[in-house]
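Subject: Structure for your review

Dear colleague,

Please find below the structure I am handing over to you, together with its sequence. My findings follow directly after it.

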Amino acid sequence: MSQTVCQRVAIITGGGSGIGLATGELLLEQGWKVALLDRDDAALAEARRGLERHAAHVRTDAVDVTDAAEIERVVAAIHDSFGIIKGVVASAGVGADVPFLETSVESFRRINDINVTGTFIVAKAAAARMRANGGGGIVTIASVSGLTGNIGRTAYGASKGAVINMTRVMAVELARYNIRANCVAPGPVETPLVKTMHTQAVRKQWHERVPMERYGTPLEIAEAAAFLIDGDRSSYLTGQIIAVDGGFMACGINDRSRQ
Ligand code: NAD
């Protein structure tokens with residue numbers, strides 16, 4: 001592996017758990033240095049233990065993505081002392097499954113602040129360094145709930161729809177700096193987030209609606225993110241939203257009893 005490849009740094013928010021952690025691990029295996037950012041210190045400590053074999057290429061920072069000043073400080077520190085920032089995966093996010101009429105303004109604001117404003121803050125701070133470094137890749141993590149009207153996803157779906165269109169704007173504006181921006185929109189994925197959100201009844205609904213009849217794994221989402229962040233592999237790909245969802249977004253009438 002060349003020294004240059006080893007020095008590429010990817011910043012991953014939500015890197016302490018689930019999709020973010022799986023993406024970090026995969027990128028390490030693909031020769032990147034990885035900065036895992038998460039507000040959950042215990043999750044980061046656990047992640048560090050799991051990634052011990054890559055210790056020289058991993059750094060972790062406990063930070064909240066909604067804190068613009070702290071994110072700026074951490075991204076500057078990564079730039080100054082860890083390596084050349086060539087990509088960011090914005091995976092930090094929270095969800096809720098609440099009916100529209102029961103969604104509180106407070107919850108709506110909190111979810112949008114983390115999922116939308118947090119993604120904006122981190123992508124902007126990283127893009128400023130990538131512009132100075134000759135380019136890079138931004139990968140946002142939205143959801144199929146940002147592409148279609150899933151029940152109970154008033155705040156979450158609104159936030160992910162916003163992330164999707166912000167990704168398109170970043171792609172258009174940042175292309176001149178050789179910075180690409182793409183979005184992965186996962187279907188249901190077995191992660192700690194889903195364990196708290198999905199009841200048995202909800203699980204049954206997804207199994208009925210997803211043509212592949214199963215949840216995805218964090219690694220299956222990470223594979224798409226790792227491809228999209230990497231300018232050597234997806235150099236002409238920008239502004240795209242890729243649903244990694246077992247066929248959910250492609251599915252119309254799906255009465256299995258007729259087959
Ligand atoms: P997860 O809960 O396992 O991981 C999310 C991580 O984000 C956690 O470690 C959490 O501490 C961190 N985080 C939350 N708020 C933060 C903040 N303000 N600042 C810093 N870190 C913060 O969840 P996951 O399933 O891996 O979700 C990752 C992303 O994928 C989220 O954006 C989620 O909306 C999206 N997504 C997940 C699924 C799914 O089924 N799991 C489906 C579609 C989209």
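This is a predicted model: local features need pLDDT of at least 70, side-chain atom pairs count only at pLDDT 80 or more; totals for chains, interfaces and linings use all residues.

The crossing of helices α4 and α5 is right-handed. Helix α4 comprises residues 68-81 and helix α5 residues 105-132; the two pack at an angle of about 30°, and their axes are 10 Å apart. Since angles under 35 degrees count as roughly parallel, α4 and α5 are therefore roughly parallel to each other. On the α4 side the contact is formed by A68, I71, E72, V75, A76 and H79, and on the α5 side by I121, V122, A125, A126 and R129. By class, these residues comprise 8 nonpolar, 1 polar and 2 charged.

Helix α5 also packs against helix α6, which covers residues 154-174; their axes come within 8 Å and cross at roughly 20°. This angle makes α5 roughly parallel to α6. The crossing is again described as right-handed. From α5, the residues F108, I111, N112, N115, V116, T119, F120, A123 and A127 take part, while α6 contributes T154, A155, Y156, A158, S159, K160, A162, V163, M166, M170 and L174. The contact of α5 with α6 has 14 nonpolar, 5 polar and 1 charged residues.

A polar side-chain atom of Y156 lies 2.5 Å from an oxygen atom of the ligand. There are 28 residues around the ligand, and those that come nearest are S17, I19, D38, Y156 and T191. Backbone atoms are involved as well: an N or O atom of the V189 backbone is 2.8 Å from a ligand oxygen atom, and a backbone N or O atom of R39 is 3.3 Å from a ligand nitrogen atom.

I19, one of the residues that come nearest to the ligand, belongs to a further helix contact, that of α2 with α9. Helix α2 (residues 18-29) and helix α9 (residues 218-229) pack at an angle of about 55°, with 8 Å between their axes. That angle makes α2 oblique to α9, and their crossing is right-handed. In α2, the residues G18, I19, A22, T23, L26 and L27 meet P218, L219, I221, A222, E223, A225, A226 and I229 of α9. The classes here are 11 nonpolar, 2 polar and 1 charged.

With kind regards

Notes. Residues are numbered from 1 along each chain as its sequence is written. Side-chain values use heavy atoms; hydrogens and water are left out. Axes are lines fitted to C-alpha atoms, for helices over the stretch in contact, and angles run from 0 to 180 degrees between N-to-C directions. Helices (H or I, at least four residues) and strands (E, at least two) are DSSP runs, numbered from the N terminus. Angles under 35 degrees count as roughly parallel, over 145 as roughly antiparallel, 65 to 115 as roughly perpendicular and the rest as oblique. A crossing is left-handed if the near helix is turned anticlockwise from the far one by less than a right angle, and right-handed if clockwise. Contact means heavy atoms within 4.5 Å. Ala, Val, Leu, Ile, Met, Phe, Trp, Tyr, Cys and Pro count as nonpolar, Asp, Glu, Lys and Arg as charged, and the others, Gly among them, as polar. A residue is near a molecule or strand if one of its heavy atoms lies within 4 Å of it. A polar contact is a pair of N or O atoms within 3.5 Å; within protein, one must be able to donate a hydrogen and the other to accept it, and residues adjacent in sequence count only if both atoms are side-chain atoms.
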